[in-house]
Amino acid sequence: MHQALYRIWRPGIFDDVVGQEHITTTLKNEIAAGRPAHAYLFIGSRGTGKATCARIVAKAVNCLNQHDGNPCGECEMCRGIDNGSLVDVVEIDAASNNGVENIRDLREEANFLPNAAKYRVYIIDEVHMLSVSAFNALLKILEEPPAHVLFVLATTEVHKVPATILSRCQRFDFRRIDSGVIAGRLQQVAQGEGFHLEEEAAMLIARMADGGMRDALSIMDLCSSYNREITVDTVSQATGLVAQDYLFKLAEAAHTRNTGEFLELVGQAGRSYVEYDRLCEQLIGHYRNLMVAKSSKKPEDLIVCLPEVLEQYKEQARRFPVAEILQTLTILQETLAAMTKTTYRRTELEMAAVRICELRSQAPVGESADTSALEGRLASLEQRFAAGAVPAAAQPKAAQEEPKTAAAAPAKQEPAAPKGAAPAADLPISPFAEWPQVLTALSKTNVALSGFLVSSRAFFQGNRVLIDCRNSMFLDLVRNNQKAKDDLKRAIAQVTGQNYGIGPYNAETAPEQPDQQPTNPVDALLSNAKAAGIPIEIN
């Protein structure tokens with residue numbers, strides 16, 4: 001029967017453990033000096049060496065021919081622990097043995113002297129899974145342990161371990177292993193197993209493992225079964241990944257607002273039997289690297305890739321605004337979370353594609369998203385000026401004093417409009433430039449409604465937002481579903497800071513919009529402010 005690589009190449013001594021030297025050096029020194037702690041707590045993500053180091057500790061404290069804190073691996077005790085025949089070393093999986101009765105049995109057994117070894121060692125994996133009563137029972141023996149008992153607790157979720165347990169253990173935090181270290185170890189294993197592993201393929205596997213050596217060895221084991229010559233293509237085909245160039249093409253399609261090309265690339269991935277959630281994960285990793293390349297002075301320290309690929313990241317990041325990268329990351333993370341709740345994963349990714357491509361729909365190609373966002377805010381402020389929603393503090397002094405004059409000589413007032421009356425037909429209509437931000441906010445509270453509004457437009461008219469959407473399902477939903485109306489109004493208020501009514505936009509009856517638009521949004525804002533009588537000082 002084939003044995004997994006991670007089992008064949010599991011370290012037998014502390015010196016063979018890679019990436020955790022800060023831990024193995026301390027453990028070796030303690031054991032060599034004959035002063036091991038009575039309880040250790042190993043913390044870290046999966047595959048970083050917690051269980052391996054726990055077994056090495058059990059061997060080292062009982063080894064008959066110990067060398068500088070390392071077990072010999074040849075004596076009766078070492079061989080007994082390796083093959084599981086030594087009853088004095090007990091491994092417990094707390095995920096399936098988490099009851100108080102299991103820990104009570106352990107306590108009763110621990111009072112007896114070891115059968116053959118020097119120490120009776122209990123290794124409790126995933127200790128955070130113990131029940132509250134089981135933790136209390138374990139605490140009793142940790143407070144006053146017999147001299148011949150040693151505990152090694154391991155967990156991936158230390159926040160679930162009670163503070164009373166933490167305070168009675170010597171704690172070691174296992175770090176995620178550096179990708180370069182993992183790639184080097186993979187090359188050693190590949191050489192020992194007699195198959196060829198390309199450097200770029202080793203780095204790709206290391207990135208996929210995300211700091212876990214066991215995961216890296218498992219992926220390489222899978223790839224070696226697919227082809228003894230492990231290349232980047234081998235890794236991609238065996239694990240269902242898309243090529244790096246493919247991710248650059250997807251990002252470029254999104255940046256240029258080419259929704260059709262983006263959807264076609266997603267379809268090609270599906271025809272190549274790539275899982276859509278895996279593709280989404282890769283896109284998240286790609287945009288993360290773009291964010292780092294855009295923001296860091298030394299991206300090579302944070303992005304694990306070959307030099308020529310790093311240059312591709314730098315070149316693409318140079319053309320992508322930070323706001324666009326961050327918004328895309330947010331959409332992709334929301335999509336990945338949504339994929340866990342549906343079987344329509346392709347649809348979720350395609351909806352994300354449309355949303356991503358619409359991010360820049362309000363700005364010309366090549367213009368920064370930050371400028372687009374500024375223009376959106378200016379347009380919103382212009383609308384408030386046009387509707388007369390100018391704060392009292394910003395109004396001219398004469399305007400603020402007007403009520404006093406009016407009190408002295410009351411003028412004839414116009415009759416008030418009846419409550420709930422529709423806005424006058426001759427009120428000006430202006431584009432709602434921040435509409436994409438409204439859809440993003442709406443997607444967090446009502447995904448279905450935001451999906452119906454893809455490719456829609458919106459306009460301001462007085463205190464209403466007019467929505468231009470030809471989707472009949474959207475129209476039915478807002479007519480018959482009060483929750484949909486409320487969710488949409490809340491999203492508009494969240495973006496604009498004001499409460500607006502909503503209504504349909506009729507292009508046939510809407511007033512004709514001027515063809516000429518101010519080339520400079522700041523000039524337009526100053527012009528409107530001047531028209532409203534607001535004093536402007538330019539330094």
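A residue is buried when its relative accessible area is under 20%, exposed when it is over 50%, and partly exposed in between, using a 1.4 Å probe and protein chains only. This is a predicted model, in which local features need pLDDT of at least 70 and side-chain atom pairs count only at pLDDT 80 or more, while totals for chains, interfaces and linings use all residues. Residues are numbered from 1 along each chain as its sequence is written, and side-chain values use heavy atoms, with hydrogens and water left out.

**View A. Helix α11 and its buried residues.** In helix α11, which spans residues 232–239, the buried residues are Thr234, Val235, Ser236 and Thr239; helices (H or I, at least four residues) and strands (E, at least two) are DSSP runs, numbered from the N terminus. These buried residues of α11 pack against α9 (199–209), α10, β7 (229–230) and α14, where contact means heavy atoms within 4.5 Å. Just after α11 comes Gly240, which takes a positive phi of about 80°. Among contacts in the chain between residues at least 6 apart in sequence, 72% join residues at least 24 apart.

**View B. The largest nonpolar core.** A nonpolar core is a set of buried Ala, Val, Leu, Ile, Met, Phe, Trp, Tyr and Cys residues joined through side-chain atoms within 4.5 Å. The largest such core has 41 residues, and those that touch the most other members are Leu250, Phe262, Leu279, Tyr287 and Tyr313. Two or more residues each are given to this core by α12 (244–255), α13 (259–271), α14 (276–295), α15 (307–319), α16 (322–339) and α17 (345–358). The largest share, 9 residues, comes from α14. Apart from this core lies another, of 31 residues, including Val17, Ala58, Ala60 and Tyr119. In soluble globular proteins, nonpolar side chains tend to be buried together.

View C. Leaving out residues up to four places away in sequence, Tyr313 touches Gln244, Phe248, His286, Asn289, Leu290, Ala293, Ile303 and Cys305. Lys314 has its place in helix α15, and because its relative accessibility is 25%, Lys314 counts as partly exposed. With the residues up to four places away again not counted, Lys314 touches Ala293, Pro299 and Glu300. Lys314 and Met291 are 23 residues apart in sequence, and their C-alpha atoms are 9.7 Å apart in space.

**View D. Helices α12 and α15 side by side.** These two helices pack at an angle of about 5°, with their axes 12 Å apart; the axes are lines fitted to C-alpha atoms, for helices over the stretch in contact, and angles run from 0 to 180 degrees between N-to-C directions. The pair is therefore roughly parallel, since angles under 35 degrees count as roughly parallel, over 145 as roughly antiparallel, 65 to 115 as roughly perpendicular and the rest as oblique. From α12, the contact uses Gln244, Asp245, Phe248, Ala251, Glu252 and His255, and from α15 it uses Val309, Gln312, Tyr313, Gln316 and Arg319. These residues divide into 4 nonpolar, 4 polar and 3 charged, where Ala, Val, Leu, Ile, Met, Phe, Trp, Tyr, Cys and Pro count as nonpolar, Asp, Glu, Lys and Arg as charged, and the others, Gly among them, as polar.

**View E. Helices α8 and α10.** Helix α8 (residues 179–193) and helix α10 (residues 213–226) pack at an angle of about 45°, and their axes are 10 Å apart, so the two helices are oblique to each other. Ile182, Arg185, Leu186, Val189 and Ala190 of α8 meet Met213, Ala216, Leu217 and Met220 of α10. This contact holds 8 nonpolar residues, no polar ones and 1 charged.

**View F. Ser179 in helix α8.** Ser179 lies in helix α8, and because its relative accessibility is 12%, Ser179 counts as buried. Apart from residues up to four places away in sequence, Ser179 touches Ala206, Arg207 and Val304.

**View G. Helices α16 and α17.** The axes of these helices come within 10 Å and cross at roughly 165°, which makes α16 roughly antiparallel to α17. The crossing of α16 and α17 is right-handed. Thr328, Ile331, Leu332, Glu334, Thr335, Ala338 and Met339 in α16 meet Arg345, Glu348, Leu349, Ala352, Arg355 and Ile356 in α17. The residues of this contact divide into 7 nonpolar, 2 polar and 4 charged.

Definitions and conventions:
Left-handed = near helix turned anticlockwise from the far one by under 90°.
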